[in-house]
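I opened this one to see how the chain is put together. My entries follow in the order I looked things up.

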Amino acid sequence: MSFHNKLVSAQVLFLSVLVLTVVGVCASDFFKDFDLTWGGDRAKILNGGQLLTLSLDKVSGSGFQSKNEYLFGRIDMQIKLVPGNSAGTVTTFYLSSQGPNHDEIDFEFLGNLSGDPYTLHTNVFSQGKGNKEQQFHLWFDPTKAFHTYSIIWNSQRIIFLVDNIPIRVFNNLESDGIPFPKNQPMRIYSSLWNADDWATRGGLVKTDWTQGPFIASYRNFKANACIWSPSSSTSSCDGVSQTSTTSLEDSKWQTQGLDGAGRNRIRWVHKRFMVYNYCTDSKRFPQGFPLECNRSRF
């Protein structure tokens, strides 16, 4: 290899390391990245930090949260949900800020009777206001193996993905007066808890405690994201420009949208697996649908 080629290779390596550092790409180490916040020993980190489990019994559920706050990024987590009769249980994985005017980006998995599908509930809150629910059934059994659930959050849009297949897009329509979460840093939260007053068939099916304890498992967390510093009120991405270098693939989330293939996949999901969309619930909105419902979905 010539000196020139060696120099170019070294420059590319340096830029790659720089971007991965300032953007905050994290491989899975639950000891390093998360705090177990409630539920006592029902929440456990195992296998040297590579696996985390949450448990629910009749006394309590459990939960954890990220040590870092983030302001934009791509967040991935592999989750294996509660197997068997999970009716009444809710497993959550979401981003949230704090306070009455908080922002939030939600995955919630609503359990069901054995043999019936889970319902994947999604929502977006901005400045304390949500009511933007979309719900889906999945095209696989989420209790048999780990599957990857991802949130891409940039200044233009939020994309929800399951095994890298987009299932929902929430676009930034601030120009139309629709609030969008972009100013409040958020932590990652997850919990497993009893919600049998509403979670399964509107609360008609209650949790069968003889099936407990109920356990959900997590692995392969990755935060390719801008880490927020509360002390300086700055992000690790501040002042970092994007580069076109192909080695810096991890930065593409910063402007990521849907290409033609992505739009085809999300149409497939909506046609076959969407079970509720607030934008078509005329009984809930008799005076007219929210403004964003009249805009392009993707």
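**Overall build**

I started with burial: 52% of the 298 residues in the protein are buried. This is a predicted model, so I keep the confidence values beside everything else. I count three helices and 17 strands. For the contacts between residues at least 6 apart in sequence, I find that 68% join residues at least 24 apart. The accessible surface comes to about 14300 Å². Carbon and sulfur atoms hold 51% of that surface.

**Confidence**

I looked up pLDDT next. The mean for the protein is 89. A value of 70 or more is reached by 88% of the residues.

**Annotated positions**

I checked the UniProt record. The entry is unreviewed, and its "active site" annotation covers E104 and E108. I place E104 in strand β8, which spans residues 104-110. E108 is in strand β8 too.

E104 is in contact with Y94, L95, S96, N123, V124, F125 and M186. E108 is in contact with V90, T91, T92, T119, L120, H121 and W198. I also found a side-chain polar contact for E104: its partner is the side chain of H102, at 2.8 Å.

**Disulfides**

How many disulfides does a search of the whole structure find? I get two. Such a link is a covalent bond between the sulfur atoms of two cysteines.

One joins C226 to C237, with an S to S distance of 2.0 Å. C226 sits in strand β15 (residues 214-229), and C237 sits in the loop between β16 (234-235) and α3 (260-273), so the bond ties together parts that are eleven residues apart in sequence. The angle about the S-S bond is -90°, and I record the link as left-handed. C226 is buried because its relative accessible area is 5%. C237 is also buried, at 15% relative accessibility.

The other is formed by C279 and C293, whose sulfur atoms are 1.9 Å apart. Both cysteines lie in the segment after β17 (274-277), so this pair ties together parts that are 14 residues apart in sequence. C279 and C293 are both buried.

I numbered the bonded cysteines in sequence order. The pairing reads 1-2, 3-4.

**K132**

I moved to a loop lysine. K132 lies between β9 (119-125) and β10 (134-136). Is K132 buried or exposed? Its relative accessibility is 12%, so K132 counts as buried. The side chain of K132 makes a polar contact of 2.8 Å with the side chain of E292. Not counting residues up to four places away, K132 touches T122, N123, V124, R168, F170, Y278 and E292. N123 and V124 were already in my notes, as contacts of E104.

**Q78**

My last stop was strand β6 (residues 69-80), where I find Q78. Q78 has a relative accessible area of 16%, so I call it buried. Which residues does Q78 contact, leaving aside neighbours within four places in sequence? I list F146, H147, T148, S217, Y218, R219 and N220. H147 is 69 residues from Q78 along the chain, and their C-alpha atoms are separated by 5.1 Å.

I then looked at polar contacts of the Q78 side chain. One goes to the side chain of T148, at 3.3 Å. Another goes to the side chain of N220, at 2.9 Å.

How values were computed:
Residues numbered from 1 in each chain as written. Predicted model: local features only at pLDDT ≥ 70, side-chain atom pairs only at ≥ 80, totals over all residues. Heavy atoms only, no water. pLDDT = per-residue confidence, 0-100. UniProt positions renumbered as here; feature names shortened; annotations may be inferred. Helix = DSSP H or I, 4+ residues; strand = E, 2+ residues; numbered from the N terminus. Contact = heavy atoms within 4.5 Å. Polar contact = N/O pair within 3.5 Å; in protein donor to acceptor, adjacent residues only side chain to side chain. Disulfide = S-S within 2.5 Å. Buried < 20%, exposed > 50% of the residue type's maximum accessible area, 1.4 Å probe, protein only. Areas by Shrake-Rupley, 256 points an atom, 1.4 Å probe, with all protein chains shown as cover.
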